[in-house]
Amino acid sequence: MLYLYLDMIVGLSNTAACAVLCVELQMPSNEPYLSTSLQDLWGRRWNLTVTNALWHTVYKPLKSFLEPRLRATWGAAGAVMAAFLVSRLMHELLYYYVTSARATWEGVCVVVEVVAKAAVGERWRLSRAVSTPLTVGFVVATAMWLFFPQLIRNEADERAIKECKASCRAELSSDTRKWTSCNKVSGLAMDGNDCEPPQ
């Protein structure tokens with residue numbers, strides 16, 4: 001849902017910017033449902049604006065610094081970990097700003113994947129038909145464990161729903177005609193006389 005929402009908003013903005021300014025915006029994602037690994041998802045397909053910023057400011061410089069001093073595998077793993085740490089700090093700051101909740105600091109799966117791939121090499125490379133469903137399944141399963149509980153434990157979901165309901169009530173009760181026409185358009189009421197603003 002988040003992916004569809006962001007893609008629709010940026011897609012519509014992109015169309016408007018293209019029509020008015022003749023400028024094409026970068027899409028926020030590149031078909032994340034086709035990811036073949038966690039590296040592919042977080043590094044090449046999801047939230048490309050942040051990914052590009054982290055690539056140039058954290059990952060690339062740190063990898064260049066670490067690789068001559070460590071083995072290439074550990075240099076890349078350290079750079080990935082640092083990029084995710086910076087990304088995590090940014091997410092925690094945004095989350096704290098919205099919910100005033102403390103950080104929980106989950107997630108090192110991509111680093112494990114980088115090290116595991118380096119250990120097994122090319123001989124255990126999975127086909128796209130297997131790796132894509134595995135990756136998408138892993139992300140969905142861990143979202144239930146890592147992402148949604150963070151919203152639920154602080155009742156952020158309930159507060160968002162209450163704020164939305166309050167906003168809708170205020171908007172609709174301010175003008176009874178607006179409420180009536182809204183019900184007629186949505187098919188909730190057959191007759192405008194049956195419509196009443198919410199209590």
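Helix by helix through a predicted model

M144 has its place in helix α6, which covers residues 128-153; helices here are DSSP runs of H or I with at least four residues, and strands are runs of E with at least two, numbered from the N terminus. This is a predicted model, in which local features need pLDDT of at least 70 and side-chain atom pairs count only at pLDDT 80 or more, while totals for chains, interfaces and linings use all residues. Residues are numbered from 1 along each chain as its sequence is written, and side-chain values use heavy atoms, with hydrogens and water left out.

M144 is exposed, because its relative accessibility is 55%; the classes are buried under 20% relative accessible area, exposed over 50% and partly exposed in between, with a 1.4 Å probe and protein chains only as cover. Together with Y33, L34, V136, V140, F148 and I152, M144 makes a nonpolar surface patch of about 630 Å². Such a patch joins nonpolar side chains (Val, Leu, Ile, Met, Phe, Trp, Tyr) within 5 Å, or like charges within 9 Å, from residues with over 30% relative accessible area and no salt bridge. A salt bridge is a side-chain nitrogen of Lys or Arg within 4 Å of a carboxyl oxygen of Asp or Glu, and areas come from the Shrake-Rupley method with a 1.4 Å probe.

The chain as a whole has eight helices and zero strands. Read from the N terminus, its elements run α-α-α-α-α-α-α-α. Of the 199 residues in the chain, 26% are buried.

Between α1 (2-21) and α2 comes a loop that holds E31. E31 is not a glycine, yet its phi is positive, about 45°. For comparison, most residues other than glycine have a negative phi. E31 counts as partly exposed because its relative accessibility is 35%. The backbone oxygen of E31 lies 3.1 Å from a polar atom in the side chain of R45, a polar contact being a pair of N or O atoms within 3.5 Å; within protein, one must be able to donate a hydrogen and the other to accept it, and sequence neighbours count only if both atoms are side-chain atoms.

R45 belongs to helix α2, and with a relative accessibility of 12% R45 counts as buried. The helix spans residues 38-45, and L38, D40 and L41 are buried in it along with R45.

The buried residues of α3 are L48, T51, L54, V58, Y59 and L66.

C18 is in no disulfide, and its nearest cysteine sulfur, that of C22, is 6.8 Å away. For C22, too, this distance to C18 is too far for a bond. C18 is partly exposed because its relative accessibility is 38%, whereas C22 has a relative accessible area of 67% and is exposed.

Technical notes
A disulfide is a pair of cysteine sulfur atoms within 2.5 Å.
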